[in-house]
Amino acid sequence: MEELPVPQNIKISNITCDSFKICWDMEAQSKERITHYFIDLNKKENKNSNKFKHKDVPTKLVAKAVPLPMTVRGHWFLSPRTEYTVAVQTASKQTDGDYAVSEWSEIIEFCTADYSTVHLNQLLEKAEVISGRMLRFSVFYRNQHKEYFDHAREAQENRMLPSVKDNSGSHGSPISGKLEGIFFSCNTEFNTGKPPQDSPYGRLRFEVRADALFNPDTNLYFGDFYCMYTAYHYVILVLAPKGSRGDDFCKQRLPALDIGNNRFLTCNQDDEGGLVFHHAQDVILEVIYTEPVDLALGTVAEISGHQLMSLSTVNAKKDPSCKTCNISVGR
């Protein structure tokens, strides 16, 4: 029996966080005998990937021979931002139900994409469900160690400078490892209306009036929604001055929020023309401001509470089993 053609020149295109298109070239002989394609996909970090490339081992996906390119979606619960290897065989189903197969193609590597705005809007809708009623606040604050503020004064012209966001939160978030900003908090204690006196990030706290960072000249974006195997849920928001570099980055990637009417963080004018601010009660907000902040805009003082390291979200991994903050695509 004439051998089946081996797929050549494999091309991967239209990559999303949970799908891709694949096509290849084949020699003309025996094309009409091809009834199926065998596709073997492995995460690249798996050191045993593509190990069993011989005819006696079942492949991971058997697909009917359809016109190429072929879309592959969901068969392996593809994860966003993950490197994969893929190889292909052609196959001919025999009368006894078994398959005749070609040799395996070369192994191709590719990486899945970040969440799209469609996926982020799904996360946004889930976050809105649990955000709770809005509480008034007046300051943004940032806790750090003494060395951080000393460095800002001595080496950064008295400014806190944006840095690249870490990999905490959803694995598919388009801001992780890419967006530059400064993390602030704004959550208040229900009984006092003031910031809590505990923090996992350091005993010194910079406080700045809310209107210094958040005002009608600022755009607000939804960035992420996650938890860390606890009852607490976190929402990441991005504050970007209009027309700034951070604003341009977010416009292309994140859902924009109406600063006066959303479920997380609002800025509105009162009857006297002043600005009034509210935050969601039932989620912990992590607010990223995309521009440098001068320490002269606020004050630095020591907190009176504890440094609760267990609450740190630095490079925190999202709980993939939580039904509250996960969506149905990549994990």
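Tutor: Leaving aside its neighbours within four places in sequence, N215 is in contact (heavy atoms within 4.5 Å) with I259, C267 and L275. The model is predicted, so local features need pLDDT of at least 70 and side-chain atom pairs count only at pLDDT 80 or more, whereas totals for chains, interfaces and linings use all residues. Residues are numbered from 1 along each chain as its sequence is written, and side-chain values use heavy atoms, with hydrogens and water left out.

N215 is found in the loop between α3 (210–213) and β15 (218–226). The classes are buried under 20% relative accessible area, exposed over 50% and partly exposed in between, with a 1.4 Å probe and protein chains only.

Another is to the backbone nitrogen of D217, which the side chain reaches at 2.9 Å. A polar contact is a pair of N or O atoms within 3.5 Å; within protein, one must be able to donate a hydrogen and the other to accept it, and residues adjacent in sequence count only if both atoms are side-chain atoms.

D270 lies in the loop between β18 (265–269) and β19 (275–280). With a relative accessible area of 31%, D270 is partly exposed. A polar atom of the D270 side chain lies 3.0 Å from the backbone nitrogen of E272.

Two strands pair if DSSP finds at least two bridges between them. Axes are lines fitted to C-alpha atoms, for helices over the stretch in contact, and angles run from 0 to 180 degrees between N-to-C directions. Elsewhere in the sheet, strands β13 (residues 180–184) and β20 (residues 284–289) run antiparallel and are joined by three bridges, with F183 having I288 in β20 as its bridge partner.

Aromatic pairs come next. A search of the whole structure finds 11 of them. For Y226 and Y234, the ring centres are 5.3 Å apart and the planes are at 20 degrees, so this pair is stacked. Rings of Phe, Tyr and Trp (its six-membered ring) pair if their centres lie within 6.5 Å; planes under 30 degrees apart count as stacked, over 60 as edge-to-face and the rest as tilted. Both Y226 and Y234 are buried. F214 is part of one aromatic cluster with F137, F140 and F277.

Another open sheet has three strands in the order β10-β14-β22, with antiparallel pairing. β10 (139–144) and β22 (298–302) are the edge strands, each pairing on one side only. From one strand to the next the twist averages 25 degrees. Six bridges pair β10 with strand β14 (residues 204–209) in the antiparallel sense, and V139 stands opposite R209 in β14. Helix α2 (residues 146–155) packs on this sheet, touching β10, β14 and β22, and its direction makes about 105 degrees with that of β10.

For the setting as a whole, the protein has four helices and 22 strands. Of its 331 residues, 47% are buried. Among contacts with a separation of 6 or more, 76% are between residues 24 or more positions apart.

Terms used
Helix = DSSP H or I, 4+ residues; strand = E, 2+ residues; numbered from the N terminus.
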